[in-house]
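Student: I would like to learn how to read strand pairing and aromatic contacts from a model. Could you take me through one?

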Amino acid sequence: METTKVNQHLVGMSYDNIIPKLDFIEDDGGCCGFATYSVTNELPESISTKDLVLKDCVQIQYDNEYKDRTVLNFVFSAPEGELILGYELCAGSGSGWSYGAFVRMKLGKDVLAEASW
């Protein structure tokens, strides 16, 4: 597992200028390949998005024999402390062979995170 600060050019931006504008591109590749993404933490209904400002962006890259797994955590400052929204991107295959599967998280033309196999 490797943890890295990434996308520091986004620090200081509001939630509304990042999260609703994220775009995901998925391709399962060939044969038994797969590519998925999921939100690992969601915004509680009690928190207003207008109060959230990005404080940090941290990527965790996991080692696995059959897939590429990346988690991108957006750390927002909130009136009550911090809020972390995590997005997990995963690509791989059941056999371990590379079939060209990938998933990308984009903001405009910028690729913020990617998992590929």
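This is a predicted model: local features need pLDDT of at least 70, side-chain atom pairs count only at pLDDT 80 or more; totals for chains, interfaces and linings use all residues.

Student: What is the strand order in the open sheet of five strands?

Tutor: The order is S1-S4-S5-S6-S3, and the pairing is antiparallel. Strand S1 (2-5) and strand S3 (33-39) stand at the edges with a single partner strand each, so one side of each has no neighbour in the sheet. From one strand to the next, the twist averages 15°.

Student: How many bridges join S3 to strand S6?

Tutor: Seven bridges join S3 to strand S6 (residues 81-93), and the two run antiparallel. Ser-38 stands opposite Glu-88 in S6.

Student: How does S5 pair with S4 and with S6?

Tutor: Strand S4 (residues 53-62) is joined to S5 by nine bridges, in the antiparallel sense. A hairpin of four residues leads from S4 to S5. S5 and S6 pair antiparallel over twelve bridges, and the hairpin between S5 and S6 runs through two residues. Val-75 shows both pairings: Asp-56 stands opposite Val-75 in S5, and the bridge partner of Val-75 in S6 is Ile-84.

Student: Is S5 mostly covered or mostly open?

Tutor: S5 is mostly covered, with nine of its twelve residues buried.

Student: Now the rings. How is an aromatic pair described?

Tutor: A pair of aromatic rings is described by the distance of the centres and the angle of the planes.

Student: How many aromatic pairs does the structure hold?

Tutor: The structure holds five aromatic pairs. In one of them, the rings of Phe-24 and Tyr-87 have centres 5.9 Å apart and planes at 25°, so this pair is stacked. Planes under 30 degrees apart count as stacked. Phe-24 lies in strand S2 (residues 22-27) and Tyr-87 in strand S6, 63 residues apart, and the pair links distant parts of the chain. Phe-24 and Tyr-87 are both buried.

Student: How are the rings of Phe-74 and Tyr-87 arranged?

Tutor: Their centres are 5.8 Å apart and their planes are at 85°, so the pair is edge-to-face. Phe-74 lies in strand S5 (residues 67-78) and Tyr-87 in strand S6, so the pair ties together parts 13 residues apart in sequence. Phe-74 is buried, as is Tyr-87.

Student: Which residues form the aromatic cluster?

Tutor: Tyr-15, Phe-24, Tyr-37, Phe-74, Phe-76 and Tyr-87 form one aromatic cluster.

Student: Where do arginines lie over the face of a ring?

Tutor: Arg-69 lies over the face of Tyr-62, at 4.0 Å from the ring centre. Arg-104 lies over the face of Phe-102, at 4.2 Å from the ring centre.

Student: What surrounds Arg-69?

Tutor: Begin with its place, which is in strand S5. Neighbours within four places in sequence aside, Arg-69 is in contact with Ile-60, Gln-61, Tyr-62, Glu-88, Leu-89 and Cys-90. With the side chain of Glu-88, the side chain of Arg-69 makes a polar contact (2.7 Å). This Glu-88 is the residue in S6 that stands opposite Ser-38.

Student: Is Arg-69 buried or partly exposed?

Tutor: Arg-69 is partly exposed, with a relative accessible area of 23%. The cut-off for buried is under 20%.

Key. Residues are numbered from 1 along each chain as its sequence is written. Side-chain values use heavy atoms; hydrogens and water are left out. Two strands pair if DSSP finds at least two bridges between them. Axes are lines fitted to C-alpha atoms, for helices over the stretch in contact, and angles run from 0 to 180 degrees between N-to-C directions. Rings of Phe, Tyr and Trp (its six-membered ring) pair if their centres lie within 6.5 Å; planes under 30 degrees apart count as stacked, over 60 as edge-to-face and the rest as tilted. Buried means under 20% relative accessible area, exposed over 50%, partly exposed in between (1.4 Å probe, protein chains only). A charge sits over a ring if NZ of Lys or CZ of Arg is within 6 Å of the ring centre and within 35 degrees of the ring normal. Contact means heavy atoms within 4.5 Å. A polar contact is a pair of N or O atoms within 3.5 Å; within protein, one must be able to donate a hydrogen and the other to accept it, and residues adjacent in sequence count only if both atoms are side-chain atoms.
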